[in-house]
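Here is a brief report for a reader new to this model. It begins with backbone details and then turns to packing.

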Amino acid sequence: MTRETGTGKYEQLLARCRSLDPVPTAVAHPCDASALAGAIEAGAKGLITPILVGPSEKIRDVAKQHGIELGKVRLIDAPHSHAAAAKAVELVRLGEAELLMKGSLHTDELLGAVVAREAGLRTGRRISHVFIMDVPTYHKVLIVTDAAINIAPTLEDKVDICQNAIDLAIALGVATPKVAILAAVETVNSKMTATIDAAALCKMSDRGQITGALVDGPLAFDNAINRDAAAVKGIRSAVAGDPDILLVPDLEAGNILAKLLTFLANADSAGVVLGARVPIILTSRADSVRSRIASAAVAMLAAHARRQLKATA
């Protein structure tokens, strides 16, 4: 993959977005240069129509100091980050926004407004996070979940985490996503909960409790990602060597895996939260511009997929 020439996997996602209308997006508290520039650039690329929610004077000052042109972007005043998160969520509830985007506030503060019982954006699904990773040594976009929200997910949590990721992969154009349920080994062991959960998830997929994908596990990372490694172990699997989704045992394993791919394999990662009423674009100050734009593109595609589902319901 040659990123400089724009032939990477993220560029393929952006190509899918070109024929789609930008999605109204409530941006909560974009009060530093990185968060504000990310939202404005995603707007300039036609991915979102940003609605900036936060202290209006501070946002204008940041824009002026860093040469960020706000133009005719809608700006809604909110005195502080907590109020900005609540107001951004309210815009979604009112139907004025179809995406939510994290600005320069803490993730916990934004998600606190999302999960608020009376005024939040809860659904029947467990909320989960996905990293959409462009790994130079892998042949397609790779989704890693959950590496940011669910610390020690139960089997029932993993069902929702898995289905959230499957639905996203389908929105990204994967007809039948392949899900590898990761563990330390590829055999079921009653002393290793991750292997029991993996076996249960596979049977739940067989019985229609998880839909739309091929699910296999437990699989150790090597035989999940490499067909030859699976063959050596005698594993016959349609998933091994070709997964679209890696479902990790817990947050620690997922976070280590995602950061390993980023810092040792030179992967870019986009981040989106799923399972709420709308997709939530999560970015950090350390994200590259490329990753920020990719996060917006992924969320945009997910939002358009939701529109189609509503239209056919």
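D146 sits in the loop between strand 6 (142-145) and helix 6. Helices (H or I, at least four residues) and strands (E, at least two) are DSSP runs, numbered from the N terminus. The T145 to D146 peptide bond is cis, with omega near -10°. G217 and P218 are also joined by a cis peptide bond, with omega about 5°. P218 belongs to strand 8 (residues 214-219).

H29 is not a glycine, yet has a positive phi of about 60°. Its loop runs between strand 1 (23-28) and helix 2 (33-44). H29 counts as buried because its relative accessibility is 10% (buried is under 20% relative accessible area, exposed over 50%, partly exposed in between; 1.4 Å probe, protein chains only).

## Basis of the model

This is a predicted model: local features need pLDDT of at least 70, side-chain atom pairs count only at pLDDT 80 or more, and totals for chains, interfaces and linings use all residues. Residues are numbered from 1 along each chain as its sequence is written, and side-chain values use heavy atoms, leaving out hydrogens and water.

## Nonpolar cores

A nonpolar core is a set of buried Ala, Val, Leu, Ile, Met, Phe, Trp, Tyr and Cys residues joined through side-chain atoms within 4.5 Å. The largest has 57 residues; L36, I132, L168 and V179 touch the most other members. Helix 11 (residues 289-312) gives the largest share of this core, ten residues. Apart from it lies another core of 26 residues, including A78 and V273.
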